[in-house]
Amino acid sequence: MYGIDFNKLRFLVCDDNAHMRRILRTLLHSFGAREVYEAEDGATALEMYSHYVPDIVITDWAMPIFDGIELAQMIRQPDSKGNPFAPIIMLTGHSEKRRVTVARDAGVTEFLAKPISAKGLYQRILNVVVSPRPFIKTKNYFGPDRRRNTNNAYIGPERRGTKEPDVIPQPSLLDKARSPG
Amino acid sequence: MAKDKPPELKVETFADHHVITQPNPLRKVMRLVDEKNFEDPVARAEKALAGLSDEFATWMAIECDRLAAAHATILKDGFTPAARDELFRAAHDIKGDAATFGYPLAGAAAESLCRIIEHAPDIDRVPAALIAHHINAIQAIVREHAGLGFEAVAKELHRKLRGVADEYLTVVNRDRPEHLDAILAPSIVPVD
């Protein structure tokens, strides 16, 4: 089985509720994480995201200034100077189907409904570390592949044929930051 | 970990989209572990969470005070957008946190209040008593939490409140099918 060296991971936690941040910090530290940065709103989280370059973002949905969905959309800018690929785990009291779809379409990687559990959080972190999904870029979406499963019963047109992939070098974040514009 | 050089991307191009794959940037933190000698991080985290539990009653009281303050602002100034948002966020936080703090029925009552705020077509026309009863119920459930036999009372209180709220929402949304669908649909998120 796989384990995770949490002490090598850097987390950014964004929640406007101080009690929930304390719970998240406690859980992550007890998993073994050392670097846990905290923000209480989306705008601060975005600044910290650029500054600390976290490996994994855990964010609430409902927050003042701008919310977790807007934060995800800002991170998932394919041409931004920052890293647009970081896994985003949305931890929220919203659990309706419509909300899950909105989060998915904003580029959220994993969805975890409150009330939080140690098992649920660990499982989502394990998923993003062990089984990262490819990213999809369309005219109006950039984020993890929204297809999680192969549906053998699917009978519509297949938009993804087989061909050799192009390989492009990815500039380092430092190079991106130094480049003008 | 975060300072490592990013790996090369592979891009497959199709008619209307690209599929971008990169070697797993977090692979360095993965390790194969022997199940026999594996110290379960989930058990360790649950123990740490239990260590916080002495503070949960105080935290819950703070959340209830915030809800009451938001309601008091509305009674004084009406449903301004800021006041509505604060009432929703206060209820929404209780909905999300209360079960973790050991007050699941307070969370359930808060969820009912969130649904009213979210799905009522005109928040100013929601009967004031419906909102007040929810807030009073949440406070009572938290205050009387340890009382003998109160759980049965709290369950019944929540059942009745939820019934009245759902009936109200169904009537006022009869011409808004997208809201009716959301009101009547069960949650799709699996419970861990």
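Reader: Which residue is the bridge partner of Lys137(A) in S2(B)?

Author: His18(B) is the bridge partner of Lys137(A). This is a predicted model, in which local features need pLDDT of at least 70, side-chain atom pairs count only at pLDDT 80 or more, and totals for chains, interfaces and linings use all residues. Residues are numbered from 1 along each chain as its sequence is written, and chains are lettered from A and ligands numbered from 1 in the order in which they are written.

Reader: How many bridges join S7(A) to strand S2 of chain B, and in which direction do they run?

Author: Start with the general idea. Strands of a sheet pair through backbone hydrogen bonds, either parallel or antiparallel. Two strands pair if DSSP finds at least two bridges between them. Here S7(A) and S2(B), residues 18–21, are joined by 3 bridges and run antiparallel.

Reader: What does each chain bring to the contact?

Author: Two residues are in contact if their C-beta atoms, placed from the backbone, lie within 7 Å. Chain A gives 58 residues and chain B gives 54 residues. Among the elements of chain A that each supply at least two residues are helix H1 (18–31), helix H5 (118–130) and strand S7 (135–137). Helices (H or I, at least four residues) and strands (E, at least two) are DSSP runs, numbered from the N terminus.

Reader: How do the residues on the chain A side divide?

Author: They are 30 nonpolar, 14 polar and 14 charged. Ala, Val, Leu, Ile, Met, Phe, Trp, Tyr, Cys and Pro count as nonpolar; Asp, Glu, Lys and Arg count as charged; the others, Gly among them, count as polar.

Reader: At what angle do H1(A) and helix H1 of chain B pack?

Author: Axes are lines fitted to C-alpha atoms, for helices over the stretch in contact, and angles run from 0 to 180 degrees between N-to-C directions. H1(A) and H1(B), residues 41–52, pack at about 140°, with axes 8 Å apart. The two helices are therefore oblique to each other. Angles under 35 degrees count as roughly parallel, over 145 as roughly antiparallel, 65 to 115 as roughly perpendicular and the rest as oblique.

Reader: Which residues make that contact?

Author: From H1(A), they include Ile23(A), Leu27(A) and Phe31(A). From H1(B), they include Ala45(B), Ala48(B) and Leu52(B). The contact divides into 8 nonpolar, 2 polar and 1 charged.

Reader: At what angle does H5(A) pack on H1(B)?

Author: The angle is about 140°, with axes 9 Å apart. That makes H5(A) oblique to H1(B). Ala118(A), Lys119(A) and Tyr122(A) of H5(A) meet residues of H1(B), including Pro41(B) and Glu46(B).

Reader: Now chain A itself. What is the strand order in the open sheet?

Author: The order is S3-S2-S4-S5-S6, 5 strands with parallel pairing. S3 (35–39) and S6 stand at the edges with a single partner strand each, so one side of each has no neighbour in the sheet. Neighbouring strands are turned by 20° against each other on average, direction ignored. Inside the sheet, 3 bridges join S4 (56–59) to S5 (88–92). Ile58(A) has Ile89(A) as its bridge partner in S5(A). Helix H2 (42–52) lies across S2, S3 and S4 of chain A, at about 170° to S2(A).

Reader: How much of chain A is buried?

Author: Buried residues make up 43% of its 181 residues. A residue is buried if 20 or more other C-beta atoms lie within 10 Å of its own, exposed if 12 or fewer, and partly exposed in between; C-beta atoms are placed from the backbone. Take Arg98(A), in helix H4 of chain A. Arg98(A) has 14 other C-beta atoms within 10 Å, so it is partly exposed.
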